Structure formats: C-alpha cells, structure tokens
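Take a look at the model below. The report then goes through its rings, charges and sheet.

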Amino acid sequence: MLKKNSEAILERFRRGRIAVIGDIMLDVYLWGQVTRISPEAPVPVVNIRERTCCPGGAANVMLNLARLGARASAFGAAGDDPAGREIAVLLREKTIDTAGIVTDRTRRTTEKRRVVAGSQQLLREDFEDRMDLDDQLRRLMVNRVVDAIRAGELDAVIFEDYAKGVLAAWMLEEIIGEARRHGVVTALDPKPGGVTPVKGLTVIKPNRSEAFSLSGVPDSGGVADPEHDSGLAAAAARLFELWEPDQLLISLAAQGMALYCRKSNKVRVIPTRAREVFDVSGAGDTVTATYTLALISGAKPKNAAEIANLAAGVVVGKMGTAPIGFDELAAAVRDFINQSSGEAEANDE
C-alpha cells in the first residue's frame, strides 16, 4: 500500500533524466458532428469543426515524462514531411530534447487520424511505413544514447516498440549492456512482431494480450482473480525465460495490473483505480512513463506499480491520447492515501 513517503518520491520526479527511443507518431483528431447520411453510400457525413493533434507512440511517453516534471530526450525516426515537423514542434514546446530524432526521407512519419463525432470515434486512418530503419540511422541513435549513459546524463532508457521498424535487437543489446554497467534503469513496452527477445532489461511492460502473444502461451480466457490465473502465470514464467528481465508488469485493463519480480515467485495484483473510462488511448504509455520514473525516484516495484496504476486511472478518464500532469498524479496519490487511511481506521473500529 502507498505510504505518505510517496509524496517525496513524486517530488523526485523532477530530477529524472530519461531517454525514450522508439516509434514516434502523430495522433490527429478531427472533431465534428454527424449531420446526415451520405447519398453516395450508407455512411454518416461528418461536418468537421476542429483539428487537434498530439504526440503519439513513443512521443506520448516523452510527453508524459515531461508533464510529470522529468527531463525527457527523444530518439526516433521521422519522415521529411509535415507530420514529422509537427511532432518536433510539439515536443520542443514541452521542453523535450529532439536532437536524437533522425530524418529518414524514404519513409512517412506515422500519422493516425481519428474522426470523432460527439464522443464517438467513427473512423481511424493510419498513414505509415513499416520497413526497417537504415542501420546507419539506428547507429546514430545508439551512439548518442550510449554516450549520454557514459557521461552520467541519464537515469533510465525506455524502449517503445510499436513494430514500425525503428528498433532492432542489437540496439537494445548495446544500450542495455551499457546501462547495466552504469546502474541505469531500462524499460521496454513491447509489441508482437517487434524486436526479438533481449535479456537484461529492468522491466518489460506488455498488456495481457501482448504477454500471451510474446510468450507463445495460449490464452485460456482468464479468471476473475488474476492472482489465481494459471494461464497468466504460465505466460509470465515463459517471458522470464525468454527475456530474463528483473521485473514484469502486465496491464490487465479492468482487472488492473499484475507485477512479477524475478527474485520472487509471488504475483502482486494492483486493482484498477479508474473512476470513469472514456478512452484508453495512450494509457499504456502513461503506465510505462510513470512506472519507470517512480523506480528511478526511489520507489520499490510494488509502489511504483501502484503509482502508475493511479496515473492510468486518470488518463482513461480523458478523451483522446492525453498525458497526465504532475499535479493530477499528486492529487490522485493523496486521495488514494487518504481513502486507504480512512478505510483502515473504519476497519479498526
């Protein structure tokens, strides 16, 4: 259970220095109203009133870190196109260092456009190229990250793999090896079809379906209590064999999170804290950012997971891909501690 010293952990968020390397995207929202059905086909006609955009994918992790007070450095690839330039501007506006973003003129910047009428998403259009990034561009990013680790300029490195072709196993191997030598935390948010297993990460954070897909263990459908979910335990055990991370944090949607540590055979289940769920877009990015930042700020894995769980509970109550702010998380932590104290006192009566 979170203690009052969690507030001191949050205050240390402002000292965090984290590099995020992976697939950056631009999330575009076209907001409008449905006025009629098209005479050309049985589809709604949406009168678009507004366009908004925000960083997505790995860029959303960077944005979450910056909003929580940490110093984030961006490493990824963008095309020589308006979407790539727009992402760079959005990140720099949030004081995120974009020097590590390389330009690949052979590919498009990944852009996801969503058409929303009222609160209902009607359509999503994806513009992207998935071919492997040129190894020379990958080498530029790896060298910059490794140099920053050796210079003592980083506390953590987060790998965000959306299987768009930016990351390769050799990149993770080089960075993880250097990070372990310098006591730097490493975290991976993996995707099936992305990088092949790499050993030595501090934490891997898949969601439930990703955990089963990555492990090759068939999903039996789960049980009401994740603590006694034998299928999930088998998937976790297989992931530890393949990747050998120190920690494994599996997001379970409405069931919360399951935390496994290599030094312990016990699973710790953290129930969900969402009050209302409007949109789960980007919630996994928030969890990865918050959990990693909590670890380097002195939190034990269980407390880090609880803090990340509270952060996810805040962002799913927002529409669209939205990061969490420091004040929002601090308020959620205070409310949870006060509520838990009140319940404990009531049980003692």
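## Aromatic rings

Tyrosine 29 is buried, with a relative accessible area of 4%. Buried means under 20% relative accessible area, exposed means over 50%, and partly exposed lies in between (1.4 Å probe, protein chains only). Tryptophan 31 is partly exposed at 22%. The rings of tyrosine 29 and tryptophan 31 form a stacked aromatic pair, 5.6 Å centre to centre with 20° between the planes. The count of aromatic pairs is one. Rings of Phe, Tyr and Trp (its six-membered ring) pair if their centres lie within 6.5 Å; planes under 30 degrees apart are stacked, over 60 edge-to-face, and the rest tilted.

This is a predicted model: local features need pLDDT of at least 70, side-chain atom pairs count only at pLDDT 80 or more, and totals for chains, interfaces and linings use all residues. Residues are numbered from 1 along each chain as its sequence is written, and side-chain values use heavy atoms, leaving out hydrogens and water.

## Charges over rings

Arginine 14 lies over the face of phenylalanine 326, at 3.9 Å from the ring centre. Lysine 191 places its charged end over the ring of tyrosine 162, 4.4 Å from the centre. A charge sits over a ring if NZ of Lys or CZ of Arg is within 6 Å of the ring centre and within 35 degrees of the ring normal.

## Salt bridges

How many salt bridges does the structure hold? There are 26. Each is a side-chain nitrogen of Lys or Arg within 4 Å of a carboxyl oxygen of Asp or Glu. One of them joins aspartate 80 and arginine 105, at 3.6 Å from N to O. This pair links distant parts of the chain, 25 residues apart. Aspartate 80 is in the loop between strand 4 (71-78) and helix 3 (82-93), and arginine 105 is in the loop between strand 5 (97-103) and strand 6 (110-117). Helices (H or I, at least four residues) and strands (E, at least two) are DSSP runs, numbered from the N terminus. Aspartate 80 is partly exposed at 45%, while arginine 105 is exposed at 66%.

Aspartate 129 and arginine 108 form another salt bridge, with the closest N and O atoms 3.3 Å apart. Aspartate 129 lies in the loop between strand 7 (120-127) and helix 4 (135-150), and arginine 108 in the loop between strand 5 and strand 6, so the pair ties together parts 21 residues apart in sequence. Aspartate 129 is buried at 18%. Arginine 108 is partly exposed at 40%.

Glutamate 241 and arginine 238 also form a salt bridge, at 2.8 Å between the closest N and O atoms. They are three residues apart in helix 7 (residues 230-243), which means about one helical turn separates them.

## The sheet

Strands of a sheet pair through backbone hydrogen bonds, either parallel or antiparallel. Here, nine strands form an open sheet with mixed pairing, in the order 5-4-1-8-9-10-11-12-13. Two strands pair if DSSP finds at least two bridges between them. Which strands stand at the edges? They are strand 5 and strand 13 (268-270). Each has a single partner strand, so one side of each is left without a neighbour in the sheet.

Strand 4 and strand 5 pair in the parallel sense over five bridges. Phenylalanine 75 has glycine 100 in strand 5 as its bridge partner.
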